[in-house]
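Hello,

Here is the structure I promised to pass on to you. Please have a look at it first, and then read my notes below.

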Amino acid sequence: MSETDLTLMLAQAEEEFNYLEEQCLKQKKATTENRECDYKLHALALITLYSFALNLKLSGGQLMKLLYELKEEGRLHQHLIAPYLLLLDDMELVCKQYGHKYLRFLSEKAQGKSDEEIMEILFKQ
């Protein structure tokens, strides 16, 4: 996979997530479920990233490399990476954890589970 393909995939994933985030925040204004919206945004960011990676047939290692490429000002980075870096300050460990979860995501997808079911499994761990 070329750098251009990865850059394009990241741009598309960011665009998709920005739309989903906007929809979630509109719903948040209509309710008082702030914590639920934050959880949902994290899950949406993860599903968006993993779905794009799956469509491009990325391996776990390629996904980890892709995580390093996320721009710090990007919404995916802010929802997936930044909160963990505040706690761990170890980008490699954060990327490895997402790499492991991606492999689990692929396994559950192969079993025909929905994104919602997969997120429940991934966040239960």
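Tyr 50 and Phe 105 are both buried, where buried means under 20% relative accessible area, exposed over 50% and partly exposed in between (1.4 Å probe, protein chains only). Before I go on, please note that this is a predicted model, in which local features need pLDDT of at least 70 and side-chain atom pairs count only at pLDDT 80 or more, while totals for chains, interfaces and linings use all residues. Residues are numbered from 1 along each chain as its sequence is written, and side-chain values use heavy atoms, with hydrogens and water left out.

Back to the rings. Phe, Tyr and Trp rings (the six-membered one for Trp) pair if their centres lie within 6.5 Å; planes under 30 degrees apart count as stacked, over 60 as edge-to-face and the rest as tilted. That rule gives four aromatic pairs. One of them is the tilted pair of Tyr 50 and Phe 105, at 5.2 Å centre to centre with 50° between the planes. Tyr 50 sits in helix 2 and Phe 105 in helix 6, so this pair ties together parts 55 residues apart in sequence. Helices here are DSSP runs (H or I, at least four residues), numbered from the N terminus. Tyr 50 and Phe 105 also form one aromatic cluster with Tyr 102.

Tyr 84 and Tyr 98 make an edge-to-face pair, 6.0 Å centre to centre and 80° between the planes. Tyr 84 is partly exposed, at 32% relative accessible area, whereas Tyr 98 is buried at 4%.

Now for the core. A nonpolar core is a set of buried Ala, Val, Leu, Ile, Met, Phe, Trp, Tyr and Cys residues joined through side-chain atoms within 4.5 Å. The largest one has 33 residues, and those with the most contacts inside it are Tyr 50, Leu 66, Leu 80, Ile 81 and Tyr 98. Helix 2 gives the most to this core, with 10 residues. Counting contact as heavy atoms within 4.5 Å, Leu 80 meets His 42, Ala 45, Leu 46, Leu 49 and Tyr 98, leaving aside neighbours within four places in sequence.

Two more spots to look at. In helix 3, Gly 60, Leu 63, Leu 66 and Leu 67 are buried. Viewed down the helix 3 axis, its buried residues fall within an arc of 110°, so they line one face; the arc is that of the directions from the helix axis to the C-beta atoms. In helix 7 you will find Ile 118, which is buried with a relative accessible area of 0%. Its C-alpha atom is 9.1 Å from that of Ile 47, 71 residues away along the chain.

Best wishes

Key:
Helices (H or I, at least four residues) and strands (E, at least two) are DSSP runs, numbered from the N terminus.
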